[in-house]
Amino acid sequence: KDTSVNITTNSTLNVNGGNVSLGSNTTWKGNVNLTGGKINIDNTKKHFDGTFNQSGGTTIVTGSGFDLDNSSDIISGGTLHIGDKVSQTEMGVSQGYIDTDAIVNINRNGTLNISGGDVKLDQTDAWQGTINITDGNLNLDNISKNTEGKFTQSGGTTIITGNNFNLNNKEDNISGGTLNIGNGGDSSSLDVSQGTIGKDATVNLNTGSKINVSGGNVTIDNGDSWNGNINVSGGNLNIDNFSNKNGILTQTNGTTTVTGSGFDLNNKSDKFSGGILNVGDGTQRSDMKVSQGTIDYNTQVNIHANSELNVTGGTVNLSNAYKNENGVFSQSNGTTTITGNNFALNNTNDSIAGGTFNIGNGSTVTELNVSQGTIHSEANTNINANSKLNISGGNVNLDNTDNWKGNINMSGGSLALVGVTKNQSGLLTQTGGVTTITGDTFDLNNSGDKISGGTFNIGTDGENSAVNVSKGSIEQGTS
């Protein structure tokens with residue numbers, strides 16, 4: 001490498017054996033073809049008129065300055081070492097081509113900077129160093145990245161095929177450009193155990209492919225396409241203003257946060273069976289709809305301020321779920337079951353207008369507090385054993401399609417009972433608010449039933465109604 005090598009314009013250096021070293025004092029304006037032997041490129045700059053073609057042999061790049069910067073540059077075979085595992089090395093690709101038939105070793109302390117051209121890596125290659133892509137195309141086919149290796153992308157296009165690639169370093173960062181998982185005709189996967197896929201990257205999750213999130217941070221927004229599956233078992237999935245999910249979402253652990261408008265759990269195979277689901281972040285206005293699928297008991301659901309969870313189908317199980325008083329829960333269909341003691345209807349826009357609404361599951365001790373909002377008679381409401389409905393405000397309407405085996409405690413608001421039959425194990429206590437009973441099937445039939453305050457209306461004008469008192473009491477002081 002101490003020799004001054006001048007490869008002049010229109011000249012060619014053909015290497016098919018032996019060893020050639022090109023150093024910083026090399027002038028490279030012509031062509032170098034490598035079919036066998038070895039070339040050491042150390043701190044060498046190639047003029048953009050010069051070309052490099054490798055179909056065999058071994059190239060070792062060290063130092064900085066070497067760039068595939070001609071559209072005729074091609075590494076189609078042989079072995080390419082970027083770095084020697086000791087010295088800091090950078091190699092660039094701004095034009096040209098590195099093919100899968102070449103064996104590429106990005107060694108420790110080695111960096112491949114892609115600003116154009118096409119680079120293809122596969123399972124025969126080794127990745128212990130760094131790849132940065134700002135433009136051009138990078139194809140990753142069944143390649144495994146060492147945990148020491150780093151990957152950053154701020155532009156260009158990366159296509160992942162096969163099932164071996166993992167963002168597994170905390171410094172991995174896809175902050176821009178386009179990321180394609182699969183090509184639409186195969187089953188491919190991207191694993192994210194560390195690192196970040198940011199909002200400004202365009203992510204295309206193609207049919208038949210998966211993103212497995214076990215750590216790190218992944219953001220999907222309205223510039224992305226979701227036709228495959230996302231599985232969350234750790235880390236963070238952020239869904240921001242995304243409204244066109246055509247694939248499946250499952251979560252067993254980790255955290256999913258939905259912000260913005262339009263996201264719908266819309267596939268019968270969608271399932272949250274663990275971890276945390278945040279509807280909103282407490283700042284921007286957000287909503288999430290459940291039209292199919294399941295949110296199970298083991299998931300901690302948080303409905304933050306300025307956000308709404310809207311159930312139009314599917315199955316939602318809220319166990320000790322949290323709802324901010326400036327958040328909204330609404331249901332028009334599907335099945336919701338509340339367990340635990342944390343959930344409350346505490347917003348005037350809270351509305352249970354249809355579907356099945358279970359307070360408790362018959363075994364878990366449960367309390368639902370209603371201070372605002374409405375439970376409509378069109379919903380099938382089941383107040384199950386070991387459960388209590390505390391009404392301090394809002395409007396609760398029950399009719400003959402509902403089941404009452406638990407307790408109702410009235411201290412405010414309004415309770416309308418239309419043709420309701422109360423199980424003997426159920427209780428009604430009232431210290432305030434307004435209860436109105438129509439029909440002739442209601443019976444105070446438990447010794448614990450006690451009406452001691454508020455207003456207790458038996459019937460309405462023009463309607464024949466009756467209340468039976470077989471046990472319990474209606475005390476003086478009640479209107």
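Let's start with a ring cluster. Trp-28, Phe-52 and Phe-66 are linked into a cluster by ring pairs. Rings of Phe, Tyr and Trp (its six-membered ring) pair if their centres lie within 6.5 Å; planes under 30 degrees apart count as stacked, over 60 as edge-to-face, and the rest as tilted. By that rule, there are ten aromatic pairs.

A word on the source. This is a predicted model, where local features need pLDDT of at least 70 and side-chain atom pairs count only at pLDDT 80 or more, while totals for chains, interfaces and linings use all residues. Residues are numbered from 1 along each chain as its sequence is written, and side-chain values use heavy atoms, with hydrogens and water left out.

Now another pair. Trp-226 and Phe-242 are tilted, with 5.7 Å from centre to centre and 45 degrees between the planes. What does this pair tie together? Trp-226 lies in strand 25 (residues 225-226), and Phe-242 in the loop between strand 26 (229-240) and strand 27 (248-259), so the pair ties together parts that are 16 residues apart in sequence. Strands here are DSSP runs of E, at least two residues, numbered from the N terminus.

Buried or exposed? Trp-226 is buried, at 2% relative accessibility. Phe-242 is buried too, with a relative accessible area of 2%. Buried means under 20% relative accessible area, exposed over 50%, partly exposed in between (1.4 Å probe, protein chains only).

Lys-245 lies over its face, 5.8 Å from the ring centre. The rule: NZ of Lys or CZ of Arg within 6 Å of the ring centre and within 35 degrees of the ring normal.

Trp-226 also leads us to Leu-249. Beyond four places in sequence, the contacts of Leu-249 include Trp-226, Ile-230 and Phe-263. Contact means heavy atoms within 4.5 Å.

Next, the core. The largest nonpolar core has 101 residues, and Leu-249 and Ile-230 are among those touching the most other members. Such a core is a set of buried Ala, Val, Leu, Ile, Met, Phe, Trp, Tyr and Cys residues joined through side-chain atoms within 4.5 Å.

On to strands. Strand 4 (residues 31-42) pairs with strand 6 (residues 58-62) in the parallel sense, over five bridges. Pairing takes at least two DSSP bridges between the strands. Ile-41 has Val-61 as its bridge partner. Strand 6 also pairs in the parallel sense with strand 9 (residues 79-82), over four bridges.

Last stop, a loop. Asn-43 sits between strand 4 and strand 5 (51-54). Its phi is positive, near 55 degrees. At 34% relative accessibility, Asn-43 is partly exposed.
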